[in-house]
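Colleague: Could you walk me through this model? I have some questions ready.

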Amino acid sequence: MSEPFFGCRNPGCAEDVTYPADMLAEHPDGGPICEYCWEDDDARYNGAETLPTFGSLPAFVPKHERNLQELAEALEGLLRSYIGLVNSGDCGSWNPENEVEVKAARAALVKAKGQSND
Ligand SMILES: [Zn+2]
């Protein structure tokens, strides 16, 4: 599978060139910015007194990756809550770790967090 490419937030730039995510940074106003546009005065963040260097900007995380991270965190929280409920004994006594759904959720979380190579 080929690496996805993204356009920078500067429309004139995005028309001409796209970059892999790791060559872009997160602009303080939101959206990906390339190093060339960041160095260009017109595209800089005007609110800051001293302008951060391109290398000090936060990494650009594509929307689908951010969504995946949020989904993984939500599933993790739900799993924690469910396991806690079952282990409290208030609704009977069984081992939630033997449930197909719990195993599937744990396996999906491992993949979502990039801890698996398959
Ligand atoms: Zn650009």
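Predicted model: local features only at pLDDT ≥ 70, side-chain atom pairs only at ≥ 80, totals over all residues.

Colleague: Which pattern does the protein follow along the sequence?

Modeller: Helices (H or I, at least four residues) and strands (E, at least two) are DSSP runs, numbered from the N terminus. The protein has 4 helices and 4 strands. Read in order, they give β-α-β-β-β-α-α-α.

Colleague: Is Leu-109 buried or exposed, or in between?

Modeller: Leu-109 sits in helix α4, residues 100-112. A residue is buried if 20 or more other C-beta atoms, placed from the backbone, lie within 10 Å of its own, exposed if 12 or fewer, and partly exposed in between. Leu-109 has 17 such atoms within 10 Å, so its class is partly exposed.

Colleague: Which residues does Leu-109 touch, leaving out those up to four places away in sequence?

Modeller: Two residues are in contact if their C-beta atoms, placed from the backbone, lie within 7 Å. With residues up to four places away in sequence left out, Leu-109 touches Ala-72, Leu-75 and Glu-76.

Colleague: At what angle do α3 and α4 pack?

Modeller: Axes are lines fitted to C-alpha atoms over the stretch in contact, and angles run from 0 to 180 degrees between N-to-C directions. For α3 (residues 63-88) and α4, the axes are 10 Å apart and the angle is about 145°.

Colleague: Which residues of α4 make that contact?

Modeller: From α3 come Leu-68, Ala-72, Leu-75, Glu-76 and Leu-79.

Colleague: What span should α4 have, and what do its end atoms give?

Modeller: The expected span is 1.5 Å times one less than the number of residues. The 13 residues of α4 should therefore span 18 Å, and this agrees with its end C-alpha atoms, which are apart by 18 Å.

Colleague: Which residues make up the largest nonpolar core?

Modeller: Such a core is a set of buried Ala, Val, Leu, Ile, Met, Phe, Trp, Tyr and Cys residues joined through C-beta atoms within 7 Å. β3 (24-26), β4 (32-34) and α2 (35-39) each supply at least two residues of the largest one. Its 8 residues are Cys-8, Leu-24, Ala-25, Ile-33, Cys-34, Cys-37, Trp-38 and Phe-60.

Notes: Residues numbered from 1 in each chain as written.
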